[in-house]
Amino acid sequence: MKALQTGEFYGQTNQVGNLDFGTITDTEYTHERVDWHYHENPYFTFILHGKVLEGNKKEIYHCTPGSLLFHHWQDPHYNIKPKGFTRGFHIEIKNDWLNNCAIELNNLHGSFAIENPQVKLLFYQLFKEFKIK
C-alpha cells in the first residue's frame, strides 16, 4: 500500500501552498480508480466540481460538490471517479501543529464526513483566499 507524502495526491496538482499549520493542494482528479493508499498527515478533502467515490474499511462516501471529508493520518482508503471533470482541494495539517495545539492524534480515528454548512462555507472561503493570493 502506498504512503503519500505532504502535498502528494493522485491526479494533476494545480497549486500547492505551504502555511505554518500545513499544506493546501488544489487537485484535478484524473484517475478512474486509485487503489488503497494512505497519507502521512491528517487532512480535509473538499470537492469543488464533479464526483468521486471514496471508500475506507468502514464506509463509502459518494462525494459531490460541497462534500467535505476528514481523514486521519494513515487511514487507508481508495477512490473511484466516474467520467467527467472532478476537482477538489486538500488541507493537510502538520502533526507538530496539532501537538502544539494540544490536539491528541490518538483521539482522531478514521474518516468522516462533515455536514455542517457553516464549516463548508468556511472551506469555500479558504479556497477563495488561497486562489487570490
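Student: How many cavities of 30 Å³ or more does the structure hold?
Tutor: Good place to start! Keep in mind that this is a predicted model. Counting cavities of 30 Å³ or more, the structure holds 2.

Student: Which element gives the largest share of the lining of the largest cavity?
Tutor: The lining of this largest cavity has 14 residues, and those closest to its centre are F9, Y10, Y29, H37 and N79. Two or more lining residues come from each of β3 (22-29), β4 (33-39), β5 (43-49) and β9 (77-80). The largest share, 3 residues, comes from β4.

Student: How do the residues lining the second largest cavity divide by class?
Tutor: Its lining includes Y10, G11, Y29, V52 and K81. Sorted by class, the lining residues come out as 5 nonpolar, 4 polar and 1 charged.

Student: Is H90 buried or exposed?
Tutor: H90 sits in strand β10 (residues 86-93). Its relative accessibility is 3%, and the cut-off for buried is under 20%. H90 therefore counts as buried.

Student: Which side chain does the side chain of H90 join in a polar contact?
Tutor: Beyond its neighbours within four places in sequence, H90 is in contact with several residues, among them F9, T23, Y43 and T45. The side-chain polar contact is 3.2 Å, and its partner is T45.

Student: How many residues apart in sequence are the parts that the pair of F46 and Y124 ties together?
Tutor: The structure holds 11 aromatic pairs. F46 belongs to strand β5 and Y124 to helix α2 (residues 117-132), so the parts tied together are separated in sequence by 78 residues.

Student: Why is the pair of F70 and F112 called tilted?
Tutor: Their ring centres are 5.2 Å apart. Planes under 30 degrees apart would be stacked and over 60 edge-to-face, with the rest tilted. The planes here are at 35°, so this pair is tilted.

Methods: Residues are numbered from 1 along each chain as its sequence is written. This is a predicted model: local features need pLDDT of at least 70, side-chain atom pairs count only at pLDDT 80 or more; totals for chains, interfaces and linings use all residues. Side-chain values use heavy atoms; hydrogens and water are left out. On a 1 Å grid over the protein atoms alone, a cavity is a set of points where a 1.4 Å probe fits but cannot get out, and a pocket is an open set with protein on both sides within 12 Å along at least five of seven lines; lining residues have an atom within 4 Å of a point. Grid points are joined across faces, edges and corners, and a volume is the space filled by probe spheres set on the points. Helices (H or I, at least four residues) and strands (E, at least two) are DSSP runs, numbered from the N terminus. Ala, Val, Leu, Ile, Met, Phe, Trp, Tyr, Cys and Pro count as nonpolar, Asp, Glu, Lys and Arg as charged, and the others, Gly among them, as polar. Buried means under 20% relative accessible area, exposed over 50%, partly exposed in between (1.4 Å probe, protein chains only). A polar contact is a pair of N or O atoms within 3.5 Å; within protein, one must be able to donate a hydrogen and the other to accept it, and residues adjacent in sequence count only if both atoms are side-chain atoms. Contact means heavy atoms within 4.5 Å. Rings of Phe, Tyr and Trp (its six-membered ring) pair if their centres lie within 6.5 Å; planes under 30 degrees apart count as stacked, over 60 as edge-to-face and the rest as tilted.
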